[in-house]
Amino acid sequence: MRRDRSILLAFCGLIITAVGCQGVRVLSGQTVCLGGPAEPCYKLAYFRDMTSRVAFIEAQRACEMDGGTLLSVESGAEQRLIEHLLQELSNASSGSALGPGAVDGDFWIGLTRTEGEPQDHGRFASCPDLYRWTDGSTATFRNWYYDEPSCGGEACVVMYHQPNALSGLGGPYLYQWNDDRCNMKHNFICKYKPDLSNKEPDVKEETLVPPHVIATGPSGLLLVYVIIPTIPLLLLILVASGTCCFQMLSKSKPRAKTSVTQPTLWISKTPKTDSGMEV
């Protein structure tokens, strides 16, 4: 874990040295994007100090921690592009204040050998067919050096970059591929897939009307969104108003007075004569 952290710090240090570059030169640790937003970007991690170079798994982790993967070369055009970037890196290094140009140093790419896999009719694949890209690419493009891969204990792949070496049977050791032991220390190349998440979706000129929805004009919208929802409120107001009116009318009507029957004393105004008395 400490080793991975030191690799990442060194990688970030390379990125800082690239700040201010306007794309005129390719520097180690500089992210290079060519061909538009739909094309991948690349980063060459070149270490002049050989003790700073890393093994295959360390290079793979460094690229992944930086948001990319080890390089997958999916076509001859992409191979030529990487060769051009490596040439520009050598030119930039030769013109820098650090001394002479880039010294010999191969670059890890994201190709590694898997275990033997049975093919049709139970047969096993030959050694060159066992190599797979670590980023999941299924591209079959290969650029092996003469008489490579040699297989055996060599299961990880580098891109040759030995401009000062004598030529071999396959010519100069420049940009061809070679399988090497995975614990060897090399430079490496990261690849960053294009970010298509911000791409605006295509707008189709179609009017999709959901089922059971009726398109209406302004008056229809007024009916649907204003009048109909207020009907329960209007009914409530009407009921409340009727109740109030009824109560007011019942209060204003005169009440019938109940007559109290009292005994009436009849007093005759005419004095009653006593027939039995005579003056």
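Phenylalanine 56 and tryptophan 108 are both buried, a term that stands for under 20% relative accessible area, with exposed set at over 50% and partly exposed in between (1.4 Å probe, protein chains only). The model is predicted, so local features need pLDDT of at least 70 and side-chain atom pairs pLDDT 80 or more, while totals for chains, interfaces and linings use all residues. Residues are numbered from 1 along each chain as its sequence is written, and side-chain values use heavy atoms, without hydrogens and water.

Phe56 belongs to helix H2, residues 56–65, whose buried residues are Phe56, Glu58, Ala59, Gln60, Ala62 and Cys63. Helices (H or I, at least four residues) and strands (E, at least two) are DSSP runs, numbered from the N terminus. After H2 comes glycine 67, with a positive phi near 90°.

The whole structure holds ten aromatic pairs. Rings of Phe, Tyr and Trp (its six-membered ring) pair if their centres lie within 6.5 Å; planes under 30 degrees apart are stacked, over 60 edge-to-face, and the rest tilted. Phenylalanine 56 and tryptophan 108 make an edge-to-face pair, at 5.4 Å centre to centre and 85° between the planes. This pair joins distant parts of the chain, 52 residues apart: helix H2 and strand E4 (residues 107–113).

Tyrosine 145 and tyrosine 173 are stacked, at 4.7 Å centre to centre with 25° between the planes. They lie 28 residues apart, tyrosine 145 in the loop between strands E5 (131–133) and E6 (156–161), tyrosine 173 in the loop between E6 and strand E7 (174–180). Tyrosine 145 counts as buried because its relative accessibility is 5%.

A cluster linked by ring pairs consists of Tyr131, Trp133, Phe141, Trp144 and Trp177.
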